[in-house]
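Subject: Structure handover

Hello,

Here is the structure you asked to look over. My notes follow below it.

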Amino acid sequence: MNLLLYGAPGSGKGTQANMLRSRFGIPHIATGDMLRAEIAAGTPLGLQAQPILAAGQYVPDDIMIGMIRNRLREPDSAGGFIIDGFPRTVPQAEALDVLMRDLNHHLDRVLYLKVEMAELLERLSGRLVCPKCQRTYPPGTVACAVDGTPLVQREDDKTEAVRPRIEIYLTKTVPVLEHYRGAGIVSEIDGRGTIDQITGRVLNAIGENGRFGFH
Ligand code: ADP
């Protein structure tokens, strides 16, 4: 099962991706997490990416395409995957089409988590994240409920970076949805409500237990 999660920053992609990963045992390929790991490790790419992420801008397409190409070639991706955070631009989507053809894969579904703007802004400002497992929590939470790690605020969740992230999403990433609508594989999912409700909708969209293909 090859899934792509699509939605604005704060739409709940990471939460649903974690659920899908543990339920189906397929890797969660999150480009934002991969970039933050590069930054934490102080690699040349991390050094280049750090100010871009802090400003809420996008890392150049060629870098991101190379990153996803390498990741999808790893053996654990052969049995299915959940991509979260890619493609964010139309050239990235076109490159992913080529890559999928080269690897003899196809995308089964694009799960679009739909949340209105006012709620996105509210969710992002003040949300906290576990630096170890990347789970997110509402303001006021102290430690991760899963591994007990003290929570931190992501640099790009600080107020000054939230608006540019939303703006770049609207200009560069909304057109990506049209790219996939043309292929007829988009499932629109109401992203409001409790996590369990949204999980139910996601599972429904992929055919309940996800064992049925979409060929
Ligand atoms: P969000 O919760 O805002 O969707 P992510 O964790 O997916 O955030 O990504 C964080 C940041 O990493 C983005 O704001 C962007 O700077 C960078 N990034 C992640 N994926 C991509 C991509 N496919 N293209 C360009 N930049 C990316």
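Asp190 is partly exposed, with a relative accessible area of 29%. Here buried means under 20% relative accessible area, exposed means over 50%, and partly exposed lies in between (1.4 Å probe, protein chains only). Asp190 forms a salt bridge with Arg192, with closest N and O atoms 3.0 Å apart. A salt bridge is a side-chain nitrogen of Lys or Arg within 4 Å of a carboxyl oxygen of Asp or Glu. Arg192 is also partly exposed, at 42%.

Before going further, the ground rules. This is a predicted model, in which local features need pLDDT of at least 70 and side-chain atom pairs count only at pLDDT 80 or more, while totals for chains, interfaces and linings use all residues. Residues are numbered from 1 along each chain as its sequence is written, and side-chain values use heavy atoms, with hydrogens and water left out.

**Salt bridges**

The whole structure has 12 salt bridges. Salt bridges with shared partners join Arg127, Arg154, Asp156, Asp157 and Arg165 into one network. Within it, Asp157 bridges to Arg165, the closest N and O atoms being 2.7 Å apart. Asp157 counts as buried because its relative accessibility is 1%. Arg165 is buried too, at 8%.

Arg181 and Glu178 form another salt bridge, with closest N and O atoms 3.6 Å apart. They are three residues apart in helix 7, so about one helical turn separates them. Helices (H or I, at least four residues) and strands (E, at least two) are DSSP runs, numbered from the N terminus. Arg181 is partly exposed, at 34%. Glu178 is partly exposed as well, at 48%.

**Cores and a surface patch**

The largest nonpolar core has 39 residues. A nonpolar core is a set of buried Ala, Val, Leu, Ile, Met, Phe, Trp, Tyr and Cys residues joined through side-chain atoms within 4.5 Å. Val59, Leu72, Ile83, Leu96, Leu107 and Tyr180 have the most contacts inside this core. Elements that give it two or more residues include strand 1 (2-7), helix 4 (61-72), strand 3 (81-84) and helix 5 (90-102). Helix 7 gives the most, with seven residues.

Leu72 touches Ile29, Ser77, Phe81, Ile83, Leu96, Leu99, Met100 and Leu103, leaving out residues up to four places away in sequence. Contact means heavy atoms within 4.5 Å. Another core, of 15 residues, lies apart from the one above; Leu5, Ala17, Leu20 and Leu111 are among its members.

Helix 7 (residues 159-181) also holds Val174. Val174 counts as partly exposed because its relative accessibility is 32%. Together with Met117 and Leu170, Val174 makes a nonpolar surface patch of about 210 Å². Patches are made of residues with over 30% relative accessible area and no salt bridge: like charges are joined within 9 Å, nonpolar side chains (Val, Leu, Ile, Met, Phe, Trp, Tyr) within 5 Å. Accessible areas come from the Shrake-Rupley method with a 1.4 Å probe; for residues, only the protein chains shown count as cover.

**Strand 3**

Strand 3 pairs in the parallel sense with strand 1, over four bridges. Strand 3 also pairs in the parallel sense with strand 2 (residues 28-30), over three bridges. Two strands pair if DSSP finds at least two bridges between them. Phe81 is the bridge partner of Asn2, and Asp84 is the bridge partner of Ala30.

Phe81 and Ile83 point one way from strand 3, Ile82 and Asp84 the other, and all are buried. Asp84 counts as buried because its relative accessibility is 10%. Asp84 touches Leu5, Lys13, Gly14, Ala17, His28, Ile29, Ala30 and Thr31, again not counting residues up to four places away in sequence.

**Backbone points to check**

Most residues other than glycine have a negative phi, and most peptide bonds are trans. There are exceptions here. The Phe86 to Pro87 peptide bond is cis, with omega near -5°. Pro87 sits in the loop between strand 3 and helix 5.

Asn104 has a positive phi, near 65°. Its place is in the loop between helix 5 and strand 4. Asn104 is exposed, at 71%. Gln134 has a positive phi of about 70°, and is found in the loop between strand 5 (128-129) and strand 6 (136-137). Gln134 is partly exposed, at 28%.

Best wishes
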